[in-house]
Amino acid sequence: MLQDLLQLCELQLKDILGNNYHRTKNCSAVFNSRKIENGYYRIRPRADREPFLAYCDMSDGGGWTVIQRRSNGKENFDRKWADYKQGFGQFQGKNDEYWLGNEHIYDLLVREENSLKIDLMDWHGERRYAIYENFQIKNELWVGTYSGNAGDALSGGSNFEEQWSASLSGMPFSTSDKDHDRFLAGNCAQENKCGWWFNRCHAANLNGQYYKTGNYTGRHDNGVVWSTWHGLWYSLKYTAMKIRLPSFVDVGSGNGKSS
């Protein structure tokens with residue numbers, strides 16, 4: 001009965017909204033509805049679930065849905081499985097930190113392959129980026145071809161031994177209360193005080209402890225890390241993970257050009 005009711009509601013919404021019904025399933029759809037300013041928008045990847053807020057980055061061709069951001073250390077990323085599943089953060093200011101939520105991220109990715117772009121900035125203001133094609137999250141994280149100038153840290157770098165122990169491709173998500181990593185001698189999420197796709201443990205961890213300095217020391221390399229740029233013992237000032245269909249076409253401006 002519940003499923004029948006949901007289907008009836010969906011049909012009624014389609015009748016009311018017409019062609020606008022599916023326009024806000026992601027930030028690419030928001031952009032193509034001629035809303036081209038950076039900011040928070042309500043998106044709805046699945047018609048049978050409620051819409052939710054996400055930050056839409058309309059730079060770099062527009063239409064990027066931001067799934068993670070670190071910028072000031074105000075948000076606590078040392079959280080349990082339930083928080084990472086649902087998402088957390090303020091979702092108000094342009095510099096607010098947040099994790100969109102594993103359920104929301106899955107819904108954004110489940111039907112189509114996406115490009116993942118990771119923006120990074122160090123404490124000197126230098127910026128780097130990494131792009132991965134065919135970014136997918138099923139039971140595990142999967143990334144395809146890399147391009148960019150930050151180095152391929154998600155794949156563990158260029159050394160084969162490091163790749164075996166640090167590549168995140170094929171790894172399930174872990175938190176301190178749900179340990180799914182390959183580190184038999186410990187719990188990577190507990191050591192790094194965050195949820196992430198850990199191996200044994202990582203060459204990249206953007207949810208780590210936010211040190212308000214670049215170089216740091218500690219028992220574990222648990223900072224906001226992208227090792228192929230600054231190594232494991234440098235914690236970055238800013239990171240953002242954002243996704244978009246590789247076939248995204250800007251129709252909002254009427255030029256029909258692929259971004």
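User: What should I know about the model before we start?

Analyst: It's a predicted model, where local features need pLDDT of at least 70, side-chain atom pairs count only at pLDDT 80 or more, and totals for chains, interfaces and linings use all residues. Residues are numbered from 1 along each chain as its sequence is written, and side-chain values use heavy atoms, with hydrogens and water left out.

User: Why is serine 176 called buried?

Analyst: Buried means under 20% relative accessible area, with exposed over 50% and partly exposed in between (1.4 Å probe, protein chains only). Serine 176 has 17% relative accessibility, so it counts as buried.

User: Where does serine 176 lie?

Analyst: In the loop between α5 (160–166) and α6 (188–192). Those helix labels come from DSSP runs numbered from the N terminus: helices are H or I with at least four residues, strands are E with at least two. The protein chain has seven helices and 14 strands.

User: What makes the link between serine 176 and lysine 80 a polar contact?

Analyst: The term means a pair of N or O atoms within 3.5 Å; within protein, one must be able to donate a hydrogen and the other to accept it, and residues adjacent in sequence count only if both atoms are side-chain atoms. The side chains of serine 176 and lysine 80 are joined at 3.2 Å, so the pair falls within that 3.5 Å limit.

User: Which residues does serine 176 touch?

Analyst: Not counting residues up to four places away in sequence, serine 176 touches Lys80, Asn187, Ala189 and Gln190. Contact here means heavy atoms within 4.5 Å.

User: Is isoleucine 105 buried or exposed, and how do you know?

Analyst: Buried, because its relative accessibility is 1%. Isoleucine 105 is found in helix α4 (residues 102–109). Neighbours within four places in sequence aside, isoleucine 105 is in contact with Ile67, Trp99, Leu100 and Ile137.

User: What makes alanine 153 count as buried?

Analyst: Alanine 153 comes out at 0% relative accessibility, so buried is the word for it. Alanine 153 lies in the loop between β9 (146–148) and α5. Its contacts, leaving aside neighbours within four places in sequence, include Tyr132, Trp226 and Thr228.

User: How far is alanine 153 from leucine 168?

Analyst: Their C-alpha atoms are separated by 8.6 Å, and the two are 15 residues apart along the chain.

User: How much of the protein chain is made up of buried residues?

Analyst: Buried residues make up 47% of the 259 residues.
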